[in-house]
Amino acid sequence: MSANSRALRLRPSPANGSRPTYAFEKPVADRRVNSLSAAVAKLAAVQKSAGSKGWLSSKLSPKSFQLLGVRIDNISMTAAIGCILDAAHGMSPSSFAFVNADCLNIACGDPRYTNILADQQAVFADGSGIALASRLRGITIRENVNGTDMFPLLCQAAAASGLSIFLLGAEPGIAGRVAANMSAEFQDLSIAGTHHGFFDNSEEDSVITMINQSGADILLVAMGAPRQEVWIAANRNRLAPKVAIGVGGLFDFFSGRVWRAPVAMRRTGLEWVWRLGQEPGRLWRRYVLGNPLFLVRCIREQVVESLSQLSDAPRAAAHEALLLGRDKNGGVGASAAGTGSVVGCQS
Ligand code: UDP
């Protein structure tokens with residue numbers, strides 16, 4: 001059985017069945033998306049009139065690029081796993097992160113998280129939001145490198161390389177179930193240990209001792225962003241595993257606590273809609289408000305960069321387009337995602 005088919009077999013618990021639609025949030029999303037579409041269309045026209053090759057049409061695929069002040073490494077899943085394995089066999093400690101649209105929204109209001117991301121060995125482009133925002137900038141993302149797709153592949157590669165993995169995070173019992181599921185799937189896989197992610201400061205030393213004594217080569221920390229990245233950065237120097245990676249909520253999927261979106265939704269970049277349907281109470285701000293906010297921030301960043309290259313007439317039009325994305329208070333969703341009041345991250 002392939003690694004992916006294992007993930008597909010997982011079933012949700014009854015508590016995670018689908019919920020009614022979220023009609024009361026929809027008008028907010030529609031309004032913002034309409035403003036956004038208008039802004040994009042206007043900017044495309046500005047570029048055309050300026051004779052610019054244009055960032056909406058070019059097809060660059062650089063190895064890394066900046067988005068909202070965060071460096072993203074534009075590499076394939078295979079290359080990403082190769083980086084991790086190399087680092088696990090290396091001499092110095094390193095850490096890796098995945099960033100999706102929500103992560104970049106958080107980074108806009110959290111300089112500490114932004115700085116931590118800058119210190120990662122590599123930052124992987126996770127999800128359709130990053131792909132879309134990159135495309136608006138003329139950059140093609142080589143592959144959607146998200147933790148949930150990577151995890152079984154990494155387990156497989158680690159098993160083949162003789163590297164062991166420690167699972168830290170999620171609610172009590174979840175990491176243990178993930179370990180059992182993945183060990184059943186990959187016979188040579190060595191899960192060095194597991195621990196839940198709801199410990200307080202007084203327990204931190206014993207958790208770190210447990211990790212270090214396990215002899216794990218790779219530590220996966222599934223406590224959500226930015227908590228997991230902050231925790232790894234704060235403790236990186238006293239963690240023995242050569243590699244530490246923040247992996248978000250993926251233990252919930254591989255334990256069977258939460259059912260992942262059907263493949264068709266994943267392929268069309270709509271996995272977030274599925275997740276929203278499963279946990280609307282927790283995730284509506286992240287997706288319904290956060291996604292449009294993220295795109296507006298990205299467009300604004302691009303406009304600010306493009307302004308210096310435009311002549312006076314297109315510059316005025318670009319300003320006008322930019323204003324389409326503003327609300328009456330002068331800031332699109334300034335409080336929408338609860339992640340700071342600055343609409344654009346000026347890198
Ligand atoms: N979590 C944790 N410790 C905490 C808070 C959260 O281990 O103090 C876990 C939580 O149980 C869940 C994951 O972190 O499994 C966060 O999931 P989320 O979907 O928010 O992460 P994402 O993938 O979106 O970053």
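The dialogue below goes through some of the terms used for this predicted model and the values behind them.

Student: What makes Glu279 partly exposed?

Tutor: Glu279 has 15 C-beta neighbours inside 10 Å, whereas buried needs 20 or more and exposed needs 12 or fewer, and therefore Glu279 falls in between and counts as partly exposed.

Student: Where in the chain is Glu279 placed?

Tutor: Glu279 sits in the loop between helix H13 (271-278) and helix H14 (280-307), and from C-alpha to C-alpha Glu279 is 9.7 Å from Val258, a residue 21 positions apart from it in sequence.

Student: How do you know that strand E8 pairs with strand E3 and with strand E7?

Tutor: Two strands pair if at least two bridges are found between them. Strand E3 (residues 94-99) is joined to E8 by 3 bridges, and strand E7 (residues 218-222) is linked with E8 over 4 bridges, so each of these counts meets the cut-off. Both pairings are parallel, and Ala244 in E8 has Ser95 opposite as well as Leu219 opposite.

Student: Which way do the residues of E8 point?

Tutor: In E8 (residues 243-246), Val243 and Ile245 point one way while Ala244 and Gly246 point the other way, and all of them are buried.

Student: What makes the contact of helix H5 with helix H10, and which residues belong to it?

Tutor: Residues count as in contact if their C-beta atoms lie within 7 Å, and the contact is made by Arg112, Tyr113, Ile116 and Leu117 of H5 together with Glu229, Val230 and Ala233 of H10. By class, these residues divide into 5 nonpolar, no polar and 2 charged. The axes of H5 (residues 111-118) and H10 (residues 227-235) come within 10 Å and cross at roughly 65°, and the crossing is left-handed.

Student: Which residues come nearest to the ligand?

Tutor: Of the 14 residues around the ligand, Ala170, Gly197, Gly224, Gly248 and Gly249 come nearest, and by class the shell has 6 nonpolar, 5 polar and 3 charged residues.

Note on methods
Residues numbered from 1 in each chain as written. Predicted model: local features only at pLDDT ≥ 70, side-chain atom pairs only at ≥ 80, totals over all residues. Near = placed C-beta within 6 Å. Nonpolar A, V, L, I, M, F, W, Y, C, P; charged D, E, K, R; others polar. Helix = DSSP H or I, 4+ residues; strand = E, 2+ residues; numbered from the N terminus. Axes fitted to C-alpha atoms, helices over the stretch in contact; angles between N-to-C directions. Left-handed = near helix turned anticlockwise from the far one by under 90°. Contact = placed C-beta atoms within 7 Å.
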